[in-house]
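Have a go at each before reading the solution.

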Amino acid sequence: MTHAHSFHIPVMGIGFTIDTPLKVSQFGMDSVISLVDDILLEKLRKMYCEKFEISYTEITEKIEDFRAKRITSYLDLMNELAQKKFDEFKNTTAETANGIRDYFNMLPDTSNIKQEFKKLTADYFNLEEVQKWVKEHMAMGSIDVNIMTKVDKDNYKKNEKLPSEYNDAHAALRGFANSSLSSSVILSAGMNPRLYSYLEQFEDFYPDENGHIKKKIVLKVSDYRSALIQGKFLAKKGLWVSEYRIESGLNCGGHAFATDGYLMGPILNQFKENRDDLIASVHQILVGALTQKNRPAPKKGLPLKITAQGGVGTAEEHQFILDHYNVDSVGWGTPFLLVPEATTVDDSTRNKLVEAKEDNLYLSNTSPLGIPFHSLKGNTKDDEKFNLINKGRPGSSCPKKFVALNKDLTDKGICIASRQYQHLKLKELDSLELSPAQYQAKYEKIVEKSCTCVGLGTSALLAYGLDTKTEGEGVSICPGPNMAYFSKLLSLNEMTDHIYGRTNVITRTDRPNMFIKELYIYIDYLKDKIEEAKETVTDRQKKYLSTFTDNLKDGIAYYNSVFNTLKGSFESTRSQIAFDLDRGLKTLLLVEEEIKAL
């Protein structure tokens with residue numbers, strides 16, 4: 001069966017795609033569940049078991065390995081319910097015939113199976129014939145999972161530290177590995193050698209004698225070099241990376257992992273030019289490792305997907321990335337937050353997203369992971385945070401502790417957004433003899449951190465009317481800058497039609513091309529870094545800033561060469577793109593002078 005759609009729905013936050021597969025997989029759409037919050041997964045498992053009258057036994061924290069078991073149970077339930085829904089869908093009756101039509105109507109017009117279905121049903125709808133055909137040709141969307149590799153907190157039992165396999169990310173991986181799913185784990189947030197080595201423990205990650213892998217490994221990366229290093233590292237263990245998911249460093253939702261000024265176009269081009277070399281070099285290492293382990297080794301290269309996501313907003317951009325860079329799928333994240341049929345967002349937050357413009361969307365420093373984090377001004381989690389600051393009790397009570405990773409002040413890890421950490425840091429700050437301005441600047445850096453591991457899950461609880469007593473009702477939301485150009489709630493049909501160019505849901509005429517938008521986000525980011533460096537600049541910082549600037553200039557040169565020779569794409573906006581690239585270059589030349597003057 002061929003892959004149904006040319007887009008996928010990436011993970012969003014902790015709770016926004018927590019049950020998306022149950023909503024969209026029947027239409028052949030791939031989507032991703034976050035495995036950060038086992039407490040939230042358990043609450044939703046209970047809810048769905050009650051809804052579908054399935055026996056439910058709570059997995060409490062008193063049970064051995066409760067985190068992994070909660071994750072396995074939730075994923076098994078999602079798999080069972082989604083599969084049942086899809087099977088009912090495929091067993092076409094006169095009543096479900098319209099649903100079948102919806103499935104095929106939503107596919108891209110270039111899809112071969114869509115054309116075949118149209119021929120089959122053009123003159124009349126023979127139920128028996130259609131039933132037989134759809135069973136052979138309809139594919140269910142994949143129920144994939146996401147693990148942030150660095151969110152791998154140590155865990156304890158009666159103050160005794162447990163072995164590393166009980167760390168949070170390790171337990172999440174085990175939960176997925178023990179599930180009934182045949183799908184992919186997307187590993188994001190950089191390389192974690194210990195976690196990667198743990199993958200070796202599970203049979204489902206290895207290819208069988210036919211080269212089939214039940215549970216595939218996907219790496220979210222922002223440059224080619226990183227992909228090659230990680231791919232080879234895993235191949236030495238007999239593990240194949242089935243997909244490299246390239247995400248824009250800054251023009252994305254959630255956490256933003258800025259590259260050193262490498263832009264998305266040049267990165268995608270590098271993957272396109274080196275794809276065969278990547279497959280060949282990694283495959284050679286894989287075969288050697290599998291042979292050494294006395295495991296079946298594939299005789300030819302295993303399938304490899306290259307996918308891309310971050311800032312895509314029009315059918316033209318979608319098709320350009322597919323065609324020009326030969327990618328296998330394009331991720332659409334942020335716009336799907338406005339599709340109630342696909343994502344789980346409470347009404348109040350969704351309405352704020354509808355109203356959001358550029359000024360409401362910003363790259364914040366609120367994440368306790370210490371990584372820039374896209375946020376929405378006026379979110380209720382920030383309101384909660386400011387109320388606590390005003391009361392003189394900054395910091396979260398930290399009920400979930402998923403990001404309790406900092407050991408600067410304590411033996412056990414604590415979260416830098418927690419009350420405990422901020423209290424200790426402010427005490428330390430009070431002991432320093434600083435000017436009021438210096439004190440205020442350091443104070444703000446301490447208290448700006450917000451409890452995202454609760455805030456990013458609360459929306460799902462509010463959406464389903466579940467208990468929020470432990471968490472509070474503050475919601476963090478992490479849309480990308482692209483949200484500014486989508487300004488109404490959309491049906492799944494409308495969103496799919498927009499992706500494939502059958503309609504256009506963007507009413508604004510001033511939306512910049514995604515590559516231009518990313519360039520200017522990077523320029524702003526660079527200017528902020530220069531401001532930071534002005535206080536106490538080092539030679540190393542100056543070198544970094546210069547390299548960053550050079551890489552952006554190289555990116556502009558690359559885009560000029562692409563858009564000057566391109567035929568058939570972006571013709572109506574070509575002159576605007578050229579103007580914006582030229583303006584960007586002029587800005588960077590001024591920035592260079594600033595760096596020299598540091």
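**Exercise 1.** How many helices and strands are there in the protein chain?

Before counting, note that this is a predicted model: local features need pLDDT of at least 70, side-chain atom pairs count only at pLDDT 80 or more, and totals for chains, interfaces and linings use all residues. Residues are numbered from 1 along each chain as its sequence is written, and side-chain values use heavy atoms, with hydrogens and water left out.

Step 1: take DSSP runs, numbered from the N terminus, as helices (H or I, at least four residues) or strands (E, at least two). Step 2: count them, and you get 20 helices and twelve strands.

**Exercise 2.** Work out which strands pair with E2, and whether E2 is buried or exposed.

Step 1: strands pair if DSSP finds at least two bridges between them. E1 (residues 7–9) runs parallel to E2 and is joined to it by two bridges, with Ile9 opposite Ser31. E3 (residues 143–148) is also parallel to E2, over four bridges; there, Asn146 is the bridge partner of Ser34.

Step 2: check burial (under 20% relative accessible area, 1.4 Å probe, protein chains only). Side chains in a regular strand alternate between the two faces of the sheet. On one side of E2, Asp30, Val32 and Ser34 are buried, and on the other, Ser31 and Ile33 are too. Five of the five residues of E2 (residues 30–34) are buried, so the strand is largely enclosed by the rest of the structure.

Definitions and conventions
Buried means under 20% relative accessible area, exposed over 50%, partly exposed in between (1.4 Å probe, protein chains only).
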